[in-house]
Amino acid sequence: MHLSLETFRRVCETVVAESSAPCQIVRRLAPHMRSLVQSADRFLKPAHLRGDPDHYARNLIFSDDSGVLSLFTLVWAPGQWTPIHDHGTWGVVGVVEGVLQEQSFMRVDDRPEQDRDEGIQLSPGGLVLLPPGAVSTFVPQPDHIHETGVATDGAPALSMHLYGNELNEFNVYDRNAGTRQRCRVACQRT
Ligand SMILES: [Fe+2]
């Protein structure tokens with residue numbers, strides 16, 4: 001089923017207004033993201049397809065005025081990966097082209113009552129391969145820690161990422177140092 005960008009945006013706004021639990025939001029929006037990726041060639045413009053030879057590129061499709069929704073394209077060349085990060089909000093990811101890889105991590109340190117940015121121990125979880133048409137979702141519980149990218153010997157990829165905020169700030173983890181730090185998204189990367 002084809003879905004226009006305008007209809008998708010209206011559905012997102014309705015679902016967010018009606019649902020307070022992130023798990024409910026992503027459950028309701030995942031099928032719509034699947035329809036949206038199948039319609040991507042109808043609304044994506046050249047500005048949404050801009051890549052960067054130095055790192056994956058993030059291009060805004062829309063964000064709402066109240067800061068509770070944003071939709072981006074991410075453009076991946078072979079071998080380009082995010083740092084290990086979390087978003088602090090829910091997300092729905094749909095793959096348009098290529099195969100996106102998602103490596104999850106779990107915190108295995110004793111999370112203190114007052115959470116801290118040091119002494120963080122991460123253990124790798126499973127790897128998921130997302131082919132064209134695949135949809136992946138996540139919720140903060142309290143974190144969803146992962147890294148995403150494309151295999152060095154893979155094809156370029158294009159994906160769409162819907163988040164439950166404007167995504168102007170998120171956590172980046174240094175697994176060896178056991179630390180995390182806030183990254184402002186003026187850097188256009190997540
Ligand atoms: Fe992410």
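# Chatting through a predicted fold

User: Hi! How do β10 and β11 pair?

Analyst: Strand β10 (residues 169–174) pairs with strand β11 (residues 179–184) in the antiparallel sense, over 6 bridges. This is a predicted model, where local features need pLDDT of at least 70 and side-chain atom pairs count only at pLDDT 80 or more, while totals for chains, interfaces and linings use all residues. Residues are numbered from 1 along each chain as its sequence is written.

User: What counts as a strand, and as a pair?

Analyst: Strands (E, at least two residues) and helices (H or I, at least four) are DSSP runs, numbered from the N terminus. Two strands pair if DSSP finds at least two bridges between them.

User: New topic: what is the strand order in the open sheet of 5 strands?

Analyst: The order is β1-β2-β9-β4-β7, with antiparallel pairing. β1 (57–63) and β7 (135–138) stand at the edges with a single partner strand each, so one side of each has no neighbour in the sheet.

User: On to helices. How do α1 and α2 cross?

Analyst: The axes of α1 (residues 5–18) and α2 come within 10 Å and cross at roughly 175 degrees. Axes are lines fitted to C-alpha atoms, for helices over the stretch in contact, and angles run from 0 to 180 degrees between N-to-C directions. The two helices are therefore roughly antiparallel (the term for angles over 145 degrees).

User: Which residues of α1 and α2 meet?

Analyst: Phe8, Val11, Cys12, Val15 and Val16 in α1 meet Ile25, Arg28, Leu29, His32 and Leu36 in α2. Contact means C-beta atoms, placed from the backbone, within 7 Å.

User: Last one: which residues touch the most other members of the largest nonpolar core?

Analyst: Trp76 and Leu162, in a core of 36 residues. Such a core is a set of buried Ala, Val, Leu, Ile, Met, Phe, Trp, Tyr and Cys residues joined through C-beta atoms within 7 Å. Buried means 20 or more other C-beta atoms within 10 Å of a residue's own. α2 gives the most to this core, with 6 residues.

How values were computed: Parallel < 35°, antiparallel > 145°, perpendicular 65-115°, else oblique. Contact = placed C-beta atoms within 7 Å. Buried ≥ 20, exposed ≤ 12 C-beta atoms within 10 Å, placed from the backbone.
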